Every structure is written in C-alpha cells, then in structure tokens.
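Biologist: I have the model open and would like to go through it with you. Could you take my questions one by one?

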Amino acid sequence: MKELDIGMAITGCGSATPKQIMTNNDISHLVDTSDEWIYTRTGIKERRLATNNLSLSDLSAEAAVKGIAMAGLSPSDIDLIILATSTADDLFGSASKIQNILKAENAVAFDLTAACSGFVFGLITAAQFIYSGVYQKVLVIGGDMLSRWVNWSDRTTCVLFGDGAGAVVCQRTTKNNHLLGFAMYSDGKQNQSLNLAYNFQAKFLKNGMVVNQGNYQFLTMKGKEIYRFAIEKVPEVIENALSKAELTVDDIDWLILHQANQRIINAVAKKLKIPSEKVISNVSKYGNTSAASIPLALDEAVRSGKIKSGNIVASSGFGAGLTWGAVIFRWSIEV
Ligand code: UT7
C-alpha cells in the first residue's frame with residue numbers, strides 16, 4: 001500500500017461480555033445436543049448471554065470506555081463512532097445512543113451492518129475518514145447479541161452464538177501508517193446461506209390499499225455452505241491484504257480470525273501455513289459473537305500481554321451477505 005502523509009494507528013482496545021454463562025451442558029437441557037458434539041464440531045465450550053435488562057448499547061459503551069481509557073483519551077475527544085452490528089437495540093441504529101451514554105458530545109455516530117465482517121469493514125471505513133483528514137479520532141465498536149435472534153429450539157444454530165462487544169480507538173498519525181493493507185468483498189448471490197430476514201405479511205388497510213407489516217424471523221444458516229465458503233475465501237483475502245501491504249505470511253505475528261468455529265480457524269491457519277502458536281482463539285469461551293468476535297479476541301490478547309507494540313496482526317471477518325474482508329495492521333499504542 002502506498003506511503004501516506006496521514007496514517008492511522010490503533011491506540012486502544014476494550015471489550016465487554018454479559019455475566020450470564022451458558023455451558024454446552026446447559027444447552028443440552030434445551031435441545032437434543034451434547035457437550036461432545038458441540039465441542040468436537042465447533043470448539044465451543046460456553047457462551048455469554050445477555051439477560052433481558054442488558055442492552056447492546058450499554059454493553060458496547062462498556063467496551064468503548066475501556067478502549068478510550070487505554071488510548072489515554074476522554075470520550076469528548078472522539079470525532080466519529082462507528083458501531084458495527086446486526087443486532088442494534090433499535091432498527092434506526094444504536095450508535096447515537098452509545099454516543100449519549102459515553103457523553104461523546106463531539107462525535108458523529110452511525111451504525112454499519114456487515115454481519116460477522118462488520119468490525120473489519122468498520123475499521124477500514126474508519127481509516128478512510130482518517131486518511132481523508134476529515135476525522136482524527138475514531139471509535140470502532142463491534143457488538144452483537146445474536147441470542148435475541150436465534151431460535152432456541154433449533155440445535156443447528158442456537159449452540160453456536162453468544163453475545164459480546166469489543167472496541168478500538170483509531171487515531172491519525174503522520175509518523176507511520178499502521179493499517180498496512182486490507183481487502184473486502186461481497187457476494188450477494190450467496191445471500192440465502194445466512195439470514196436474519198424480514199417476514200413479509202400483508203396488512204389490508206380500510207381504503208383498500210395494502211402495506212407490509214411483518215416482523216423479523218429467526219436466524220437461519222446453511223452451515224456446511226458457510227463452512228466451505230470460509231475455508232476457501234478467508235485464506236485468499238488474507239493473502240490479498242498481505243500483498244497490498246507488501247508483506248508475506250512469515251511477517252505475521254498473530255492471526256485473529258472471526259471466531260465462528262475452531263475447525264475453520266485451524267483449517268485457515270493450516271492453508272496459510274501459520275503455526276498454531278501464532279493463532280489467537282477464544283471461541284471456546286464465547287462462541288460466535290458476530291461483529292464482536294475479532295475486537296474481543298484482540299482485546300484479550302493485548303491485555304494478557306500476548307500482542308505487543310509493533311506486532312503485526314492479520315485479521316479476517318466473514319459471514320452473512322455474504323461478506324468477507326481482511327486487515328493487516330501493526331499493533332501500536334503510540335500515535
Ligand atoms: O458467523 C458466520 C459464519 N458462520 C460459520 O462460520 C458457521 C460455519 N459452519 C459450521 O461451523 C458448521 O457447518 C456447523 C458447526 C454449523 C455444523 O457442523 P457440521 O460438521 O457441518 O455438521 P452438519 O451440519 O453436517 O451436521 C452433522 C450432523 C447432522 O446429523 P445427520 O444428518 O448426520 O444425522 C445434524 O443433524 O449433526 C447433527 N447436528 C447436531 N447434533 C447434535 C446438527 N446440529 C447438532 C447439534 N447437536 N447441535
């Protein structure tokens with residue numbers, strides 16, 4: 001990627017998860033499944049689920065507060081908030097609600113929907129605003145509560161998902177550009193593979209006209225198709241982003257994939273020939289938290305001291321749309 005006068009650095013991260021833990025054994029009391037099936041097929045042991053009084057906005061704000069503190073900023077320093085989510089508290093969006101909770105009165109805020117690719121797409125979007133010189137300090141949040149939308153009687157989906165939020169602060173820098181390369185794709189031909197679709201229902205008005213007054217259905221997924229798609233496309237998109245960064249697989253210190261399934265993570269790492277010591281995974285503790293999964297894994301790895309300043313991270317999100325993307329960035333607290 002060509003040298004820029006203005007670059008961006010990720011200067012802070014944070015995450016938050018609900019307190020309620022549901023283990024695989026707990027799920028086996030709801031549907032016909034077992035810890036053995038779930039763990040061997042997915043690597044998941046447990047997930048966090050929001051109770052009825054926890055909003056996505058509150059959980060996201062909790063993650064954001066930690067990220068802003070790590071960056072050494074206060075909420076009023078933030079210029080832009082991008083909330084990547086598919087499960088906003090309000091169909092009109094939840095980013096403004098988060099702006100209010102944070103008291104980030106100088107920030108404009110909007111939602112971005114790209115399912116499990118949402119955080120990667122949000123990070124790339126933030127970079128464009130920084131490169132153009134429009135904004136200097138951008139908060140990118142990935143937050144989802146898919147427990148609201150899974151059918152708790154469908155064992156093929158309800159065992160997979162959990163709730164969470166993660167956030168990063170991106171800042172303008174003129175020293176170095178730490179977002180080294182990226183690539184993003186969509187393929188609407190495969191849209192039917194993973195949906196949380198609106199259920200059309202006619203309502204006939206007194207004047208003879210008709211409008212649509214349906215509601216959203218539960219999440220549906222053709223698991224095998226998504227699995228095959230991920231294993232084919234994720235290594236490709238990472239290699240593409242690496243070549244834009246003029247780097248090779250050997251330059252990667254850490255691989256953080258969307259945490260959907262340990263088997264997908266292993267297969268992608270194997271295809272790219274990335275040793276398991278460089279692969280970050282927390283899918284066993286949280287399941288698939290959609291847009292939250294990458295910043296949640298990043299935050300845990302940074303706070304545990306695994307990821308250190310200067311390390312190069314390759315990250316890829318993939319999911320509904322279908323959408324997929326990758327970013328290669330250098331972790332750096334310094335602006
Ligand atoms: O974030 C978006 C991205 N999403 C993903 O990346 C998900 C990608 N897909 C996957 O991770 C995997 O396809 C799943 C974990 C969803 C499923 O694993 P699989 O190895 O593809 O299993 P399967 O769907 O082929 O099901 C195998 C068997 C079936 O039984 P039969 O037809 O062989 O008798 C299922 O009915 O397992 C059965 N099954 C279950 N059994 C116990 C499906 N779900 C369960 C369950 N417990 N929860």
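Predicted model: local features only at pLDDT ≥ 70, side-chain atom pairs only at ≥ 80, totals over all residues.

Biologist: Which side chain does D89 meet in a salt bridge, at what N to O distance?

Modeller: The partner is R148, and the distance from N to O is 2.9 Å. R148 is also partly exposed, its relative accessible area being 35%.

Biologist: Where in the chain do R148 and D89 lie?

Modeller: They belong to distant parts of the chain, 59 residues apart. R148 sits in the loop between strand 6 (137-145) and helix 6 (155-158), while D89 sits in the loop between strand 4 (80-84) and helix 4 (95-102).

Biologist: And how many salt bridges does the structure hold?

Modeller: There are 10 salt bridges. Another one joins the side chains of K285 and E300, at 3.3 Å from N to O. K285 lies in helix 9 (residues 283-286) and E300 in helix 10, so this pair ties together parts that are 15 residues apart in sequence.

Biologist: Are K285 and E300 buried, exposed or in between?

Modeller: Both are partly exposed: K285 has a relative accessible area of 35%, and E300 has one of 24%. As for networks, salt bridges with shared partners join D89, K97 and R148 into one.

Biologist: What about K189, which side chain does it meet in a salt bridge?

Modeller: K189 meets D187, at 3.6 Å from N to O. K189 counts as exposed, at 79% relative accessibility, whereas D187 is buried, with a relative accessible area of 15%.

Biologist: Why can such side chains pair at all?

Modeller: Side chains of opposite charge can pair when their charged atoms come close.

Biologist: Changing topic to strand 4: how many of its residues are buried?

Modeller: The strand is mostly covered, with 5 of its 5 residues buried. L80, I82 and A84 point one way from strand 4, and I81 and L83 point the other way.

Biologist: In what sense do strand 4 and strand 5 pair?

Modeller: Strand 4 and strand 5 (residues 108-112) pair in the parallel sense, over 5 bridges. Within that pairing, L83 stands opposite D111 of strand 5.

Biologist: There is also a sheet of 4 strands; what is its order?

Modeller: The order is 8-17-16-15, in an open sheet with mixed pairing. Strand 8 (179-186) and strand 15 (254-257) are at the edges and have a single partner strand each, so one side of each is left without a neighbour in the sheet. From one strand to the next, the twist averages 10°.

Biologist: How do strand 8 and strand 17 pair, and over how many bridges?

Modeller: They pair in the antiparallel sense, over 7 bridges, with strand 17 covering residues 323-330. Y185 stands opposite W324 in strand 17.

Biologist: Which strands does helix 7 lie across?

Modeller: Helix 7 (residues 223-244) lies across strand 8, strand 15, strand 16 (312-319) and strand 17, and it runs at about 40° to strand 17. Helix 10 (residues 293-303) lies across strand 15, strand 16 and strand 17, at about 145° to strand 15.

Biologist: How do the axes of helix 7 and helix 8 cross?

Modeller: The axes of helix 7 and helix 8 (residues 262-272) come within 9 Å and cross at roughly 40°. That makes helix 7 oblique to helix 8, and their crossing is right-handed. Residues making the contact include Y227, A230, I231 and V234 of helix 7, and I264, A267 and V268 of helix 8.

Biologist: How far apart are A297 and Y286?

Modeller: A297 and Y286 are 11 residues apart in sequence, and 9.7 Å apart in space from C-alpha to C-alpha.

Key
Residues numbered from 1 in each chain as written. Heavy atoms only, no water. Pairing = 2+ DSSP bridges. Helix = DSSP H or I, 4+ residues; strand = E, 2+ residues; numbered from the N terminus. Axes fitted to C-alpha atoms, helices over the stretch in contact; angles between N-to-C directions. Contact = heavy atoms within 4.5 Å. Salt bridge = Lys/Arg side-chain N within 4 Å of Asp/Glu carboxyl O. Buried < 20%, exposed > 50% of the residue type's maximum accessible area, 1.4 Å probe, protein only. Parallel < 35°, antiparallel > 145°, perpendicular 65-115°, else oblique. Left-handed = near helix turned anticlockwise from the far one by under 90°.
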